[in-house]
Amino acid sequence: MKGWHFIAAGALLLAGCAGIDVHNVRTDPNAAFGPPEAFYVQDFSYDRAFKGQAAETTGREDHIASFHNLTRNLSGRLRTELMDIAPVYVLKPTDPLPGSGYIIKGDIRVLDAGTPSARYFAGMGAGQTRFVADVRMFRGSPEAPKPPPDAKAAKQAGADLAGKPVLTFSVAGGSKINSSLAVWEHGSQDDVEAAARKIAWEIRRHLGYETN
């Protein structure tokens, strides 16, 4: 009987895993993908995701802090996932762009914690967590311009100081539709970690470190 209990517990954990998939992969046909000297990760923007939820959320400051912390966690997780093939550095918005290596940045479009009670009791996709982000990877250039002192103005102008990306794709998903204790406990942090693993895997694949 104990064996069956372990199997059942394992099934619950599997049911709660985040399902994050890669979409819309595009590469620059003229880009030369080579071994990375280093990776430079910029914290992803969460403006669009925040605006999508702010109208329905109380405690604006707490909500902003939550988004900020999750974005920092995404950067940290990407560092962990890529550091075995090259050094990884997390950049501040005002840091100068590197002259070599790969720059990773992106925009989180959806970051929704969903409703745990709906996931557990209703099931069938109700109350799911959701995560969607657009990812861009650039090749560092010795001629890369430095960011202006007013980073907010540069952001509003829509200027991509890193130039043309060599790789772009989206990641999207969230908690699975099964109702279980694991799904109840599943949160945005789980989506962020799963997204970081999938982003790193896609980057590794294009650099020749993954074969399938």
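Helices and strands are here runs assigned by DSSP, numbered from the N terminus. In this predicted model, the chain comprises 7 helices and 6 strands. Read from the N terminus, these elements follow the order α-β-β-α-α-β-β-α-β-α-β-α-α. Of the 212 residues in the chain, 37% are buried. Among contacts between residues at least 6 apart in sequence, 85% join residues at least 24 apart.

Strand β2, which spans residues 39–42, contains Q42. Q42 counts as buried because its relative accessibility is 12%, and the cut-off for a buried residue is under 20%. Leaving aside residues up to four places away in sequence, Q42 touches S75, L91, L97, I104 and K105. With K105 there is also a polar contact, side chain to side chain, at 3.5 Å.

Side chains of opposite charge can pair when their charged atoms come close. The chain holds 8 salt bridges. One of them joins R72 and D43, with a distance of 2.6 Å from N to O. R72 belongs to helix α3 (residues 60–82) and D43 to the loop between β2 and α2, so this pair ties together parts that are 29 residues apart in sequence. R72 is partly exposed, at 40% relative accessible area, and D43 is partly exposed at 25%.

A further salt bridge links D134 and R109, whose closest N and O atoms are 2.9 Å apart. This pair connects distant parts of the chain, since D134 lies in strand β5 and R109 in strand β4, 25 residues apart. D134 is buried at 18% relative accessibility, whereas R109 is partly exposed at 29%.

Terms used:
Residues numbered from 1 in each chain as written. Predicted model: local features only at pLDDT ≥ 70, side-chain atom pairs only at ≥ 80, totals over all residues. Heavy atoms only, no water. Helix = DSSP H or I, 4+ residues; strand = E, 2+ residues; numbered from the N terminus. Buried < 20%, exposed > 50% of the residue type's maximum accessible area, 1.4 Å probe, protein only. Polar contact = N/O pair within 3.5 Å; in protein donor to acceptor, adjacent residues only side chain to side chain. Contact = heavy atoms within 4.5 Å. Salt bridge = Lys/Arg side-chain N within 4 Å of Asp/Glu carboxyl O.
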